[in-house]
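Dear colleague,

Please find below the structure for your review. My notes on it follow directly after.

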Amino acid sequence: MRLTCPLCGPRDRREFYYSGAAVALDRPGAEAPPEAWDDHLHNRDNPAGVTQDLWYHEQGCCSWLKVTRNTVTHEILAVETVGGDSTAGGVA
Amino acid sequence: MPDLIAKPALGLPPLTHAGTTLAEAALPQITAIAPFPGQSAAVGTALGLTFPAPNCVTEAGEARLVWAGRDLAFLLGKAAPEGLPAAVTDQSDGWVALTLSGPQAVQVLARLVPLDLRDMPRGQAARTALNHLPLVLIAEGEGAFTLLTFRSMARTAWHEIGEAMEKLAARAALTP
Amino acid sequence: MRIDGKGRIDRTRPVTFTFDGRAYAGYKGDTLASALIANDVRVVGRSFKYHRPRGILTAGSEEPNALVEIVGPANQTPNTRATVQELFEGLEARSQNRWPSLRFDALEVNDLAAPFLSAGFYYKTFMWPRRFWEGVYEPLIRRAAGLGSLSGRHDAGVYEKAWAHCDLLVIGAGPAGLMAALTAARVGADVILADESSEPGGRLLSDAAEIGDQPAADWVATVLAELASLPNLRLMTRTTVTGAYDDGTFGALERVGLHRRPRPNLPRECFWRIVAKRSVLTAGALERHIAFEDNDRPGVMLASALPAYMNRYGVVPGQRVTLFGNNDGLRGVARSLMAAGVTVAAIIDPREDAPEEPGVTVHKGAQVVRARGRMGLREITVRSGGREFRLETDCLGVSGGWNPTLHLTCHLNGRPRWSDELAAFVPVEGAVPGMLVAGAANGTFSNHGCLAAGAEAARASLAALGRVAGAVDLPQAEDAPYRIAPLWAVPGKGRAWLDFANDVTVKDVGLAAQEGFRSVEHMKRYTTQGMAPDQGKTSNVAALAVLADATGQAIAQTGTTTFRPPYTPVSIAAMGAGGRGEGFAPQRFLTSDQASRDRGAPMIEAGLWYRPGYFPKPGETTWREACDREVRMVRTAVGVTDVSTLGKIDIQGPDAGRFLDFVYTNMFSTLPVGKVRYGLMLREDGHVLDDGTCARLGPDHWLMTTTTAAAGLVMRHLDFVHQAFCAAWQVRFVSVTESWAQFAVAGPLARDLVASALGHAPDLPFMGCVPVTVQGVAGRLFRISFSGEEGYELAVPTRYGEALFRDLTARAETMGGGLYGMEALNVLRIEKGFITHAEIHGRTTAFDIGMEKMISGKKDCIGKAAAARPGLLGAAREQMVGLVPLTDTVLTAGAHLFAQGVELTRDHAAGYVTSVGYSPTLHSHLALGFLQNGRARHGETVRLVDRLRGVDVLCRVSDPVFHDPKGEKLRA
């Protein structure tokens, strides 16, 4: 498997650390009800098809990446940096 | 002059197999420069160097700015001025610098690095892995490379590169 | 038997080798199989289950029979295919699965007992009595089963792993592959051409075909010469592409040294990971057998193997050859053999309309029904037009048709399509993204068709990469149509073999169907067809055709089993190359490493780091003596230890304080410059992630420390929190773990030692930090303690680490102190109730360790919301406690805690032990653990039980801080 890191380019999956569903990005506010936190922390879909998950380019640029991929065909549909495009000097 | 004795990571003599040489560079001067959001250009201007794009190295005279990751570059061969709009840390002691050069350097690294290094010109760099070790790889051109890895792992790096060199040398010595 | 003037072997270079201890002669260029044939060795192995004598069936890697052990000075390799193993001087090969000898094998009685050993025999027979399974049946079966044997020693051979990258990977260098590589390489594409054999050319080296106006082998040589002149083409011979993986990654196994005498540092094999933008599969096709009674007799071979042995190696396996097959390909085989002077007695062709062949008797509408000759074929029985007759023959070449080698197209879940016209499965388009299939692998069997398809596949592949390949002139080549009438099994009563490697017969497949195993996947598992090292390459399709017949379904509906990687066996040693001994994992060494080893310290692995366990003194015979002494030394004088392994993260920027407030439970932005604070970090789910100290070095400059174990984890966590939730903040952080060597100095004399090293007294309050100059070197001094004594940590740039360590050691020793190791460090922190990852093991909350008050109410932080949820707080939680045994007993981590008087069952367990040690300070064994409602139970007596290690002792529950509970010493 290979992922195209938006910063580093195409890389072997050995450079990446996998970290579960991209739901982790949608952090409820501090005052959110317990149900929202329960969903955020514990409830995950297990789709046969398109899914979004998080990968960390640990042996690379250390970007966290949101990967959109198809669990059936293994097609990688998109790879985006979680923290925005830093190539132009980071988020202003 | 400090009273404490400075030690290199390895202190080993160069290793040569089949015309390809692995050597420990002198204790490097490395400053990690992480520009604050939106400050890359300003950092470059202050340093007299363009802040490098991913996988790139910019140079001016002795000084080089090596892209080393997200929002991060290593300044080599020059001290960083005060007051940069960036987080600045001295990394000189954190890394061992190895040089690998010679006709088999690319093939040696093909045993350990998951990247295509065949046509990597001077001016390019990569954050990647040397087998399981973290690696900042700097292309010096003409099949020569500078390899930065964690200083505590220097012996493992030397061992793994040396083994790859030995195996390739044994292959090269074969007759049909 | 060797034939003069034939073959590509080097007759000027004779080679001697041994097989089962007997010396034989061959030539450079032989395989072990061809050399055995040259020496008229017919029986080369015994079959898996029935121990039937078996000979060589094929000339390729699909061989099911001729598996041998290769014995080298440093290793013993079982199940080596004699058809792949090349000969070298001194090669030592042994047959397998026979005792006492290949000619006489005691277990051949299995063959007589065959009526009782049919498919499913094990499942049906070894069920009762139940207790016999472990003691009797399993050991017996294990002894009788299996093919080769292992040496029982470590394989000391050298192996290699490597990466390769290319535009186009061409898999197989037969006519289609050579043409594809040539077409692409001529226009400068970066091409890898991988071929399994020692010599590229595929069947062009085996058949007597012509390409253009020259013998095919000459055309191959011309193409190879051109390819060799193109620097953008890499030819990888002896390299089998074994697997297709996602996104253009392929696995391939190269035989580097297996065909040579071992030499130092030369890898035996290299496992390649090839990354290709596009690929062309031109792996050819595999011939298949036809099942008839005793069709496994030595001397019965696949027809295509005969010209292969003759044209490549100059050997023929018999003097009077007969051929049996259902397709036109046999005519070429007959012509090729006869041209070399070999007698072809007859062609037996089941087709009524089979074509004639000049010079050979063709029996049309005929079938071979039986073979005779246990240790070597003597005669066959032919049925023709309702009558049977016998033919004397010592070699029968059989062709049941051809199966395209489409295995790689199935590795990403592709399913092949059945072609009635070819009576074979053919690959479907797009089964592997970026891969095209051409030539025989795609069901195109003529040489002309292969050349044209190879060129076209290369053109299409380059077009997909945006490159244009020029027109390539196709040389003239044979273009005969492929005509076949399916025949899988000849009807008859005797045992007819499908899978030679696993001894599966036509009857076994029929029995499987009869007993309800009617799906091809069930049949495979019930009969074990296709599950041997050859993975059924010569038998799969015939077996499922027989199953289709038995179940009354069409083959297309019956389907195939799934081909998975690897295509041919890959040794674990090759896949794990470099991972033995030192190569198993990176080793991280402290600057103090040599100094510690000089003092005889045994090193303990802490993650990847190596840390000293203890520093033995003369006269000390156990680690405990050293550990107790070191603990007393720290409590009464001063000790020095290397703590550089702790993670150190440099954090800078105007928003750094705000960032720390977000990742730590407690408040950091209010910490004054020059002060250190202990911090607790949670995961978002409310459990403890890590703990450590964080120092404020300047208004916008902080230094976080992490535990050794969690340094990488914390860095990853900080990166996530930063990039996911606050990427725009003015904060940056970078690991400086490697940049600083840091030494803890602890004990009542710690201040004196630091003063001596610095040249002045360190005027630093508890939890203070200050820049210092240590003997001319700029460093940092922290007043923190993990021992409960007055403690300092002195940090200098790593290059000075060894010198400072030796300096501090010498100074400590003049003061009655010295070095302490991990064992003493652990006891010191247990005495103080300080936690490590033994306690914060992923299931503990801030509440559990008594730190819930550290979750600041004034701000949000990671994990705050979840930490407050029901279930993570309250009396039902197991809370950290200290445990002191009522009798002098060694305690064990992992022991369970029970209330007194309850039955020792799981549902009564009330907690567990995480850390143990002997405290020379308190003269008692101590433990830290977690106990339900533990904080309310101080003073109670509980039962500590470790059934694995036989510990059962009553303990008093106490506060986890055993020593100096008020912390007067560290603040002194």
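In this predicted model, β36 of chain C pairs with strand β37 (residues 688-698) of chain C in the antiparallel sense, over 7 bridges. Within that pairing, L682(C) has V688(C) in β37(C) as its bridge partner.

Both strands belong to an open sheet of 5 strands in chain C, where the order is β36-β37-β38-β35-β39 and the pairing is antiparallel. The edges are held by β36 (676-682) and β39 (732-735) of chain C; each has a single partner strand, so one side of each is left without a neighbour in the sheet. From one strand to the next, the twist averages 25°.

Two helices of chain C pack on this sheet. Helix α17 (residues 656-663) of chain C touches β35 (647-652), β36, β37 and β38 (701-706) of chain C, and its direction makes about 135° with that of β35(C). Helix α18 (residues 711-725) of chain C touches β35, β36, β37, β38 and β39 of chain C, and the direction of α18(C) makes about 25° with that of β35(C).

Turning to chain A, strands β1 (residues 2-5) and β2 (residues 9-12) of that chain pair in the antiparallel sense over 4 bridges. β1(A) and β2(A) form a hairpin, with 3 residues between them. Opposite L3(A) stands R11(A) in β2(A).

As for the interface between chains A and B, 17 residues of chain A are in contact with 18 residues of chain B. The side of chain A that touches chain B comprises 6 nonpolar, 8 polar and 3 charged residues.

Yours sincerely

Key:
Residues numbered from 1 in each chain as written. Chains lettered and ligands numbered in written order. Predicted model: local features only at pLDDT ≥ 70, side-chain atom pairs only at ≥ 80, totals over all residues. Pairing = 2+ DSSP bridges. Contact = placed C-beta atoms within 7 Å. Nonpolar A, V, L, I, M, F, W, Y, C, P; charged D, E, K, R; others polar. Axes fitted to C-alpha atoms, helices over the stretch in contact; angles between N-to-C directions.
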